[in-house]
Amino acid sequence: MSLVRKLLDSAATTVFVATLALSAAPAHAADKISIMVGGYEKQIYLPAKLAEALGYFKDEGLDVELLNEPAGVDAENEMLAGAVQGVVGFYDHCIDLQAKGKFVESVVQFSQAPGEVELVSSKHPEIKSPADFKGMSLGVTGLGSSTNFLTQYLAVKNGLKLGEFTSVPVGAGNTFIAAMQQDKIQAGMTTEPTITRLLKTGEAKVLIDMRTMEGTKAALGGTYPAASLYMQTDWVEAHKDTVQKLANAFVKTLKFINTHSGAEIAEKMPKDYYVGDKEGYVKALDAGKAMFTADGVMPQGGPETVLTVLSAFSKDLQGKQIDLSKTYTSEFVKNAK
């Protein structure tokens, strides 16, 4: 065989292999999506990191980037700006945003209770109910956050007016704890594992417990859908295949939570989430994991409770007609495989 023929055959083979590689690439390329989590070390948002750890995103052919943002309201703003495609945060933002002319919807409902606790500093035994919040500084993750919504509701429900107390954005974890230790806040709303840390040291006591269905109904008047994956409605409509894959991954994760112990779940989580107290982390998980839905479906009557709560204090909702059917969809979770 001549040298020219060999070179031509070699070139043809190279082109053929390259063509095969290029044609095969799209079939194996993972769908890239960014999700902002309102503090992914919080147990209320456990499904996000757990789905990643269990490999469920990859099983669906998804390349999911989880980004951490301690305050849910900031995560919401990132999504509206187009920086991320979805948010793991509280469902109440879907109602609040519709009142402002923006349509977002919960596509997977993680929980049916907030998983939040109003803690009172041990320095202030005079605070025996939200009626005693007058003149107090109250810790919330951020202004416009779900913890702020719930704090305002509890105060107004107990006879106070907005302006008679101060909401102080202190985040969660170490920043929340420091604010309470330094008396910058006299009470505040937070989640696990921060709750257990403060109770263990005796620096705080529970005033209102919304980690269980019973406590939630007593405080808020009904089932309160909270942690969810929510996305802009237009984006969902344009990317149904991707949303279905996300729903598949998260429904499998919720089933895992409902069929495994706190210890088994904790083993899948990053060790630094324990904050040096694995036993406390596991105990909190076992006590609180009933807040999670088993299938990602919006609990019946839940949206109505959230609307009632928000309407009690939010000027944005006054005089507005909210179409609750447009604040969530069960289409994808009901089709989850």
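Strand β6 (residues 137-140) runs parallel to β7, and four bridges join the two. Strands here are DSSP runs of E with at least two residues, helices are runs of H or I with at least four, and both are numbered from the N terminus. Keep in mind that this is a predicted model: local features need pLDDT of at least 70, side-chain atom pairs count only at pLDDT 80 or more, and totals for chains, interfaces and linings use all residues. Residues are numbered from 1 along each chain as its sequence is written, and side-chain values use heavy atoms, with hydrogens and water left out.

**The sheet with β6 and β7**

- This open sheet has five strands in the order β7-β6-β8-β5-β9, and its pairing is mixed; two strands pair if DSSP finds at least two bridges between them.
- At the edges sit β7 (166-169) and β9 (204-210), each pairing on one side only.
- From one strand to the next, the twist averages 25 degrees. For such values, axes are lines fitted to C-alpha atoms (for helices, over the stretch in contact), and angles run from 0 to 180 degrees between N-to-C directions.

**Thr 190, in β8**

- Thr 190 belongs to strand β8 (residues 187-190).
- With a relative accessible area of 2%, Thr 190 is buried; that word means under 20%, while exposed means over 50% and partly exposed is in between (1.4 Å probe, protein chains only).
- Leaving aside residues up to four places away in sequence, Thr 190 touches Gly 115, Glu 116, Val 117, Leu 119, Ala 172, Phe 176 and Ile 195. A contact means heavy atoms within 4.5 Å.

**The other sheet**

- β4 and strand β10 (residues 227-232) run antiparallel and are joined by five bridges; Ser 106, for one, has Tyr 230 in β10 as its bridge partner.

**Helix against helix**

- The axes of α2 (residues 46-53) and α11 (residues 240-259) come within 9 Å and cross at roughly 100 degrees.
- That makes α2 and α11 roughly perpendicular to each other (65 to 115 degrees; under 35 is roughly parallel, over 145 roughly antiparallel, and the rest oblique).
- On the α2 side the contact involves Leu 46, Pro 47, Ala 48, Leu 50 and Ala 51, and α11 brings Phe 250, Thr 253, Leu 254, Phe 256 and Ile 257.
- That contact has nine nonpolar residues, one polar and no charged ones. Nonpolar covers Ala, Val, Leu, Ile, Met, Phe, Trp, Tyr, Cys and Pro, charged covers Asp, Glu, Lys and Arg, and the others, Gly among them, are polar.
- Helices α7 (residues 174-181) and α8 (residues 194-201) pack at about 35 degrees, their axes 10 Å apart.
- Here Asn 174, Phe 176, Ile 177 and Met 180 of α7 meet Thr 194, Arg 197 and Leu 198 of α8, giving four nonpolar, two polar and one charged.

**Ala 284, in α13**

- Ala 284 lies in helix α13 (residues 278-288) and is buried, at 8% relative accessible area.
- Its contacts, not counting residues up to four places away in sequence, are Gln 43, Glu 192 and Thr 196.
- Between the C-alpha atoms of Ala 284 and Gly 262, which are 22 residues apart along the chain, the separation is 8.0 Å.
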